[in-house]
Amino acid sequence: MKIIFSTGKGGVGKSTLAAAAAWQLSQHHRVLITSLDPAHNLGDIFGVSLNGKRKAFSNNLHLDEVDLKKLSRDYLNREIGVLTDTYKYLQVLNLDNYFSVLQYSPGIEEYALLTSIEKTIQHEKDFDIVIFDTPPTGLTLRFLALPRITITWVDRLIQIRKRIIEKRHTIQKIRGNPETGKEESGIVLAYDESDDDVLKRLNQLKRNYDNLTSLLEGPDCSIFMVFNPDLLSLRESQRLVDGLGDLNLPLRLLFDNKVTSENTAMADTVEKTLRSGGLSSFPLMRISLLHEFQDAGSGAALYNINEDIASAILSTFNNDGR
Ligand SMILES: Nc1ncnc2c1ncn2[C@@H]1O[C@H](COP(=O)(O)OP(=O)(O)OP(=O)(O)O)[C@@H](O)[C@H]1O
Ligand SMILES: [Mg+2]
């Protein structure tokens, strides 16, 4: 399965080009397009009402929008379940009480989004291609950064946990009585790494995030960036290029969207500046501004553009995705 992310500044045409890519690719492939943006407009682009539900637009093209509120709630519920289960001997840790506060904790939405991406990649094996339409730059970079950040934390936590178990082991040896580890609940604490639920959970987290990182950084993932011929778009695109580079994520294609005969000079300038910033031989495609998209009475299909962006996207993969 190939994974594609559409990224860029707010309003540049990420959703439009993600939808156009999905439509064109679905002529020869089974495609799922998922909107990760809390402000969805995928349904509007395809002219169907999704309301957070998956819908088949055609045999080969399915549309989906994540419900970020529900996703965050489910994520938190699941994690609190795992925590209470793992730390059942610590009755003082009454996590249920913290639920209402934790849901506002920074990072929850990003983790929830990442979990949803992970689940989609794991379970949607029927599709040849999954396209993720992302929220504007800030949130996107934050959730794409999470696997690496988490691995750094989990590695450190694994070391600390191992030291705790080692110390318990030493105490057990000195006292010679496993009952010493018995808590009020009657649960005996683990003295060996292989028995420790916390360590098992940490190792499982590390495996998950290692897999996800390999996938996101690997040959089956392709990120395209959309920008417009204007200076604000250029500045934010430069930040996005730097951010993706820092995260070692595969930006593979640029779309200069909404180009007209009036703004070609600006399009040249923006493209040249981006190219001079380390993207010298980068594949880049211009997409013309379609006036019918901006005319309420035109009845235009808002996913239907003239350029062949499917071929451009497929050629960014090592093989052609077929
Ligand atoms: N090539 C194009 N020609 C004409 N209009 C376009 C083109 N691409 C995008 N648009 C229009 O620009 C507007 C913003 O597009 P879109 O919603 O795809 O951007 P976005 O980057 O996904 O925005 P957001 O950051 O809000 O999610 C829409 O009205 C869309 O129809
Ligand atoms: Mg959008």
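**Helix α3**

I looked up what covers the buried residues of α3, and the cover includes α5 (108-123); contact here requires C-beta atoms, placed from the backbone, within 7 Å. The model is predicted, so I note that local features need pLDDT of at least 70 and side-chain atom pairs pLDDT 80 or more, while totals for chains, interfaces and linings use all residues. Residues are numbered from 1 along each chain as its sequence is written, with chains lettered from A and ligands numbered from 1 in the order in which they are written.

Helices (H or I, at least four residues) and strands (E, at least two) are DSSP runs, numbered from the N terminus. I find Leu 68, Leu 71 and Ser 72 buried in α3, that is, with 20 or more other C-beta atoms within 10 Å of their own; exposed means 12 or fewer, partly exposed in between, with C-beta atoms placed from the backbone. The three lie on the same side of α3 because their arc around the axis is only 95°, taken from the directions from the helix axis to the C-beta atoms. On the face turned away from the buried side I list Lys 70, Asn 77, Arg 78, Gly 81 and Asp 85 as exposed.

I checked the length of α3 (residues 68-86): its 19 residues should span 27 Å, and the end C-alpha atoms are 27 Å apart, which agrees. The expected span is 1.5 Å times one less than the number of residues.

**Positive phi**

I noted Asn 248, with phi near 60°, in the loop between α8 (231-246) and β7 (251-259). Asn 248 counts as exposed because it has 10 C-beta neighbours inside 10 Å.

Lys 258, in strand β7, has phi near 70°. Lys 258 counts as buried because it has 24 such neighbours inside 10 Å.

Terms used. Two residues are in contact if their C-beta atoms, placed from the backbone, lie within 7 Å.
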